[in-house]
Every structure is written in structure tokens, then in C-alpha cells.
Amino acid sequence: MAKKSLFIITGCSSGIGLALSSKLIENKENCVLGIARNCPFEAENFIFKSLDLAKIDLVKEIKFPDIEEGYDAIHLINNAGMLGEINTLDKIGLESLEDVISVNYTSAMLLCTKFIQKYQHLPVAKTIINISSGAATGAYASWSNYCASKAALEMLSKCIEIEQKDKASPIHCFSIAPGVVNTNMQNQIRSTPIENFTLLPKFEELHRENKLYSPAIVADKLIEVLQNPKRFMEKVFRIQI
Ligand SMILES: NC(=O)c1ccc[n+]([C@@H]2O[C@H](COP(=O)([O-])OP(=O)(O)OC[C@H]3O[C@@H](n4cnc5c(N)ncnc54)[C@H](OP(=O)(O)O)[C@@H]3O)[C@@H](O)[C@H]2O)c1
């Protein structure tokens, strides 16, 4: 009988995370543990953990499942993310700034650490994918805190990959920028007033010209990486379709 795979996916309720979770549960040998504030669906092989990733004390308390015999792969996909208020720092409100760092970086960093400590010793395939962004390396006005959070996450991924290289049972760690994807995050970008975001016309044009990737296509690419991590020599890359 085929062995099972466990996928721990944050931000499973919408966009890329929803597409990925929906595709993975089609295979009954897969078990998805989805984390978000809103539950997207119910399924026999889907476990939902309701959690606000901005609440770092709660993230520290998460317990990952003990793996029964029969699992041959365990994966963590840190996908949850938020832009927060899109505005330049001279005008931005202070309210959402900390949450952007907590959701995009601190919670993902804690989940990576907990995943490594819990599963390092297991002789099964293990992968972490941290969902990055072009904003990890490119500076964008009005996204400064988002850019900083994604830069931190990308550096964390690179360090994990170096730490894991010589382990007996290494965890493959990727930082993957998904491209511009047709999700709620893009709706938020396009509904920002131009006086707060001078790059608005560029994102309106991409949408008008149908140049956004579908979440389903991005999910297919992520599944390809999860199924064949050794085939992807570059651990930091942007999805090109
Ligand atoms: N869309 C793009 O063009 C694009 C480009 C580059 C990178 N990305 C990255 O791709 C990832 C997925 O984004 P998306 O485009 O699919 O956006 P989305 O449709 O807005 O989905 C965001 C997901 O993150 C979860 N989330 C946000 N805040 C949370 C919190 N406080 N606690 C728990 N979960 C939270 C949401 O769940 P709940 O609201 O249910 O909690 C939702 O499932 C993000 O990391 C984003 O930075 C997206």
C-alpha cells in the first residue's frame, strides 16, 4: 500500500494555500493539517487548526502531530501572509505593522524551528517551503514592512538549508516566490488609492492584461517541488510559468 504524506500548510483558507490544500486532499494517502483563522472546508483527510498567527504566544504552543508508522514524507508550507496597510511610512498607521512581522516572519520562523525539532530525527522525506515574494529582494515604496518581513523569511530559509546540508536525514528548505497571483492579496493591492501606492497602475495593468497566475497553477508547481525536492537544485527561486 502507498505510504502517507503529511502536509502542514498555513494560510489554507484562501488563495494559494486554499488551492494547494484542495489539490492535496484529492489523494487519500495525503493528510493536510491546515492552519488559518477561517476554516475553508471539511474533508476526511483534512485537519483544521484555527489560529491567529499574529498571536505569537499561541503559535509557540502549537503541537505538531506525532507521526505514526506508515508516513514516508512530512512537509511544512509557510504560506500565510499579509500586506497590512499599503502606505508610505510617513503616513502609515501603527496598528498593523507588528502583525505583518508576526504573521509573515515570526510565526513562520517558530513553525520552522518546531518542525525541525520535532521531526529532524525521522528517516523520512522532509521539506519546508517558505512562500516568499519579489518583495524579499526588491524594494517597493508603500510595502516597506512587507518587504522587510519577506527578506527576513528568505534569509531564514537560506540559513536552514545550510544547517541541514550535512545532517543524516536532512530537511530540504526552499524559499519560493509565487509570482503575481490572482488572490485576495491582489484585490487589496488594486483597491489601494493611488496616493498611497504609486505602483498601482502596474498592478492594474497586469490584471487587465490577464497576466496573473492562477492559484491552482502555483499549487501544481509547489506540489512538483514537494514530490521531487532533490530535482530542484536552486533552493531560492521565483515561479515562472
Ligand atoms: N498573491 C500574490 O500576488 C503574491 C505574490 C507574492 C507573494 N505572495 C505570498 O503568497 C502567500 C499567500 O498569499 P495569497 O496571495 O494566497 O493571499 P490571500 O488569498 O490573502 O491568503 C492569505 C492567507 O493567509 C492567512 N492569514 C493571513 N493572516 C493570518 C493570521 N493572522 N493568522 C492566520 N492566517 C492568516 C489567511 O487566512 P485567514 O484570513 O483565514 O486567517 C489566508 O488563508 C503570502 O505569503 C503572500 O505574501 C502572494
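Ala, Val, Leu, Ile, Met, Phe, Trp, Tyr, Cys and Pro count as nonpolar here, Asp, Glu, Lys and Arg as charged, and the others, Gly among them, as polar. With that in hand, look at the ligand in this predicted model. The shell around it splits into 15 nonpolar, twelve polar and two charged residues. Out of those 29 residues, Gly 11, Gly 15, Arg 37, Gly 81 and Thr 183 come nearest to the ligand. Two elements, H1 and helix H5 (184-190), each give two or more residues to this shell.

Strand S2 (residues 30-36) has five of its seven residues buried, so the rest of the structure largely encloses it. To get there from S1, the chain crosses through helix H1 (residues 15-24), making a right-handed β-α-β crossover.

| Pair | Direction | Bridges |
|---|---|---|
| S1 (residues 4-10) and S2 | parallel | six |
| S2 and S3 (residues 46-50) | parallel | five |

What about the nonpolar core? The largest one holds 52 residues, and Ile 9, Leu 20, Cys 112, Ile 128, Ile 129 and Leu 222 touch the most other members. Helix H3 (residues 97-119) gives the most to this core, seven residues. Which residues does Leu 20 contact, leaving aside its neighbours within four places in sequence? They are Ile 9, Ile 77, Ala 219 and Leu 222. In soluble globular proteins, nonpolar side chains tend to be buried together.

Technical notes. Residues are numbered from 1 along each chain as its sequence is written. This is a predicted model: local features need pLDDT of at least 70, side-chain atom pairs count only at pLDDT 80 or more; totals for chains, interfaces and linings use all residues. A residue is buried if 20 or more other C-beta atoms lie within 10 Å of its own, exposed if 12 or fewer, and partly exposed in between; C-beta atoms are placed from the backbone. Helices (H or I, at least four residues) and strands (E, at least two) are DSSP runs, numbered from the N terminus. Two strands pair if DSSP finds at least two bridges between them. A crossover is right-handed if, with the strands pointing away from the viewer, the path from the first strand over the helix to the second runs clockwise. A residue is near a molecule or strand if its C-beta atom, placed from the backbone, lies within 6 Å of it. A nonpolar core is a set of buried Ala, Val, Leu, Ile, Met, Phe, Trp, Tyr and Cys residues joined through C-beta atoms within 7 Å. Two residues are in contact if their C-beta atoms, placed from the backbone, lie within 7 Å.
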